[in-house]
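Me: I am new to this structure and would like a close look at one part, the nonpolar core. Could you start there and then lead me outward through the rest of the chain?

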Amino acid sequence: MHHHILDAQFASLAHCADLLVKDNCIVLPTETVYGLAANALSSSAVAKIYAVKNRPQFNPLIVHVKDSAAAQQIALISEDALKLAEAFWPGPLTLVVPLKPHVGISPLVTAGLDTVAIRCPAHPVFQAILHQINFPLAAPSANPSQYLSATSVDDVCHGFQHLDHALTMIDGGTCASGLESTILDTTTNPMTILRAGPITLQQLHQHTAVCVNHSDDQAPILKAPGMMLRHYAPRTPIRLNATNLIPGEVGLNFGDCTLGDQGFSLNLSVTSQLTEAAHNLFNFLHELDKRQAVGIAVAPIPHHGIGIAINDRLKRAAAQV
Ligand code: TXA
Ligand code: MG
């Protein structure tokens with residue numbers, strides 16, 4: 001399937017705003033990963049997101065707003081949560097907050113929960129679109145459910161190569177951070193990190209008391225319904241904390257921890273920079289997946305800072321169904 005890829009110029013932005021007004025879903029860049037966006041107030045628009053992704057309807061979507069005032073129109077945001085919004089928005093922090101009743105958010109967006117996940121994205125293309133329309137955008141990552149997230153339009157197209165209709169997308173380059181936003185449940189005391197991401201526990205700690213949700217792996221009722229154990233997965237099996245390459249495997253290295261030169265490998269960051277590794281992670285997994293190898297061996301990644309979010313994604317990518 002050939003998708004419609006547009007440059008990030010004024011005419012494309014206006015065209016995309018028009019498609020959104022007409023209840024279509026389109027692919028837009030954010031600073032984290034590419035998103036599949038649609039009018040959060042329209043159930044017919046939001047239903048298209050679920051259909052394109054083949055996403056289970058119990059898994060709610062993040063609502064993207066242009067600023068914290070727009071967030072307050074749809075949610076009851078506590079003073080502490082508002083301070084976090086002021087500190088980190090626009091940027092890769094999603095706040096789970098109580099939904100205001102009767103504000104028009106499609107029940108498909110929240111999957112029937114009485115909370116809503118909201119974030120204000122920093123990417124200039126996404127911001128420009130939000131400023132051209134007068135409704136918030138529901139936007140999950142632009143990939144088939146359970147498959148790798150995408151940080152370039154090429155990778156979006158790779159994920160959706162077998163879709164039966166063309167998607168319209170704006171090419172905003174590669175996503176700066178490369179990992180999905182940190183999700184913080186602000187309704188608990190202390191607040192709980194539901195998904196590790198580019199904004200780290202340490203950064204949040206400077207503003208408020210926060211703990212980490214460790215129950216998300218096996219708990220039958222998940223706090224973030226999308227945090228199923230198997231997720232972000234390439235079609236090729238992944239082997240973590242590898243120290244060598246088994247014949248037929250391709251490798252994903254980090255720093256000078258390399259897996260040997262008997263097979264094809266990529267290095268997430270030759271200089272051991274975790275932010276560079278996060279930026280490259282999904283793109284390199286797409287590249288390795290295309291090689292249809294026996295497996296992908298992944299070198300150990302340091303478990304601190306954004307390395308915690310990288311290891312979270314890798315653990316889910318490696319999980320068996
Ligand atoms: O960086 C991001 O957050 C990207 C870009 C496109 O903005 N979006 C993204 O969306 O990662 P998605 O749909 O792939 O992940 C959203 C996660 C899911 O795990 C979902 O269960 C959780 O957010 N979520 C949504 N609403 C929630 C709620 N009310 N309470 C708890 N978790 C919620
Ligand atoms: Mg996703």
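Reply: Let's begin inside. The largest nonpolar core has 51 residues, and L93, I118, L184 and L204 are those with the most contacts inside it. A nonpolar core here is a set of buried Ala, Val, Leu, Ile, Met, Phe, Trp, Tyr and Cys residues joined through side-chain atoms within 4.5 Å. Buried means under 20% relative accessible area, exposed means over 50%, and partly exposed lies in between, with a 1.4 Å probe and protein chains only.

Take L204 as a way in. Leaving aside neighbours within four places in sequence, L204 is in contact with L84, F88, L93, T182, L184, I193, I199 and V210, where contact means heavy atoms within 4.5 Å. Apart from this core lies another, of 30 residues, with L252, L274, A277 and I306 among them.

Before going further, a word on what you are looking at. This is a predicted model, in which local features need pLDDT of at least 70 and side-chain atom pairs count only at pLDDT 80 or more, while totals for chains, interfaces and linings use all residues. Residues are numbered from 1 along each chain as its sequence is written, chains are lettered from A and ligands numbered from 1 in the order in which they are written, and side-chain values use heavy atoms, with hydrogens and water left out.

Now step back to the whole chain. The protein chain has 10 helices and 15 strands; these are DSSP runs numbered from the N terminus, helices being H or I of at least four residues and strands E of at least two. The radius of gyration of the protein chain is 19 Å, close to the 20 Å that the globule rule gives for 321 residues, so the chain is as compact as a globular protein of that length. That radius is taken over C-alpha atoms, and the rule is 2.2 Å times the number of residues to the power 0.38. Along the principal axes, the C-alpha atoms fill a box of roughly 60 × 45 × 35 Å. Of the 321 residues, 58% count as buried. Among contacts between residues at least 6 apart in sequence, 68% join residues at least 24 apart.

N267 sits in strand β14, residues 265-267. Beyond four places in sequence, N267 touches N253, F254, G255, T258 and F284.

V153 lies in helix α7, residues 153-159, and is buried at 6% relative accessibility. V153 and Y34 are 119 residues apart along the chain, yet their C-alpha atoms are separated by 7.8 Å. C175 is in the loop between β8 (168-171) and β9, and is buried with a relative accessible area of 1%. Not counting residues up to four places away, C175 touches T30, E31, T32, V33, Y34, A150, T151 and H279. C175 and P237, 62 residues apart along the chain, have C-alpha atoms 25 Å apart.

S106, in the loop between β5 (93-98) and α5 (107-110), counts as buried at 1% relative accessibility. Its contacts outside four places in sequence are A40, L41, S42, S43 and V46. H102 also belongs to the loop between β5 and α5, but H102 is exposed, with a relative accessible area of 84%. The phi of H102 is near 55°, a positive value in a residue other than glycine. A111 has a positive phi too, near 50°; this residue is in the loop between α5 and β6 (115-119) and is partly exposed at 27% relative accessibility.

Finally, look at two cis peptide bonds. One joins W89 and P90, with omega about -10°, and P90 is in the loop between α4 (79-88) and β5. Another runs from N189 to P190, with omega near -5°, and P190 lies in the loop between β9 (182-185) and β10 (191-195).
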